[in-house]
Amino acid sequence: NKYFRFKMGIGRPSGKEDMSAHVLGNFSKSESEKLPDFLDLGLDALESLIFKGYEKTATRFNTQQTPP
């Protein structure tokens, strides 16, 4: 029963914003505008995992990236 964990980060809260409020809150206008690119990146990674395998996908996508 081998499976892969696929997760996408949302970044950290700015200033003194509470972490739970950041994670559970609504997207800001700026974040909403960036969401399609962020989801496209996730879909690219998922497609790569399916067709190219874990190693190539991890090499390409497992980096600290600022969400679009």
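Residues are numbered from 1 along each chain as its sequence is written. Because the model is predicted, local features need pLDDT of at least 70 and side-chain atom pairs count only at pLDDT 80 or more, while totals for chains, interfaces and linings use all residues; side-chain values use heavy atoms, with hydrogens and water left out.

Start with helix H3, residues 54-61. Helices here are DSSP runs (H or I, at least four residues), numbered from the N terminus. The buried residues of H3 are Thr 57, Ala 58 and Phe 61. Buried means under 20% relative accessible area, exposed over 50%, and partly exposed in between, with a 1.4 Å probe and protein chains only. An α-helix has 3.6 residues a turn, so residues three or four places apart point the same way. On the face of H3 turned away from the buried side are the exposed residues Glu 55, Lys 56 and Thr 59.

H2 contributes Leu 41, Asp 44, Ala 45, Ser 48, Leu 49 and Lys 52 to the contact, and H3 contributes Tyr 54, Lys 56, Thr 57 and Phe 61. Contact means heavy atoms within 4.5 Å.

Thr 57 is found in H3 and, at 8% relative accessibility, counts as buried. Not counting residues up to four places away in sequence, Thr 57 touches Ala 45, Ser 48, Leu 49 and Asn 62. Its side chain also reaches the backbone oxygen of Gly 53 at 2.8 Å.

The structure holds one aromatic pair. Phe 4 and Tyr 54 are stacked, at 5.3 Å centre to centre and 5° between the planes; rings pair if their centres lie within 6.5 Å, and planes under 30 degrees apart count as stacked. Phe 4 lies in the segment before helix H1 (19-24) and Tyr 54 in H3, so the pair ties together parts that are 50 residues apart in sequence. Phe 4 is partly exposed at 42% relative accessible area, and Tyr 54 is partly exposed at 40%.

Definitions and conventions:
Phe/Tyr/Trp six-rings, centres within 6.5 Å; stacked < 30°, edge-to-face > 60°. Helix = DSSP H or I, 4+ residues; strand = E, 2+ residues; numbered from the N terminus. Polar contact = N/O pair within 3.5 Å; in protein donor to acceptor, adjacent residues only side chain to side chain.
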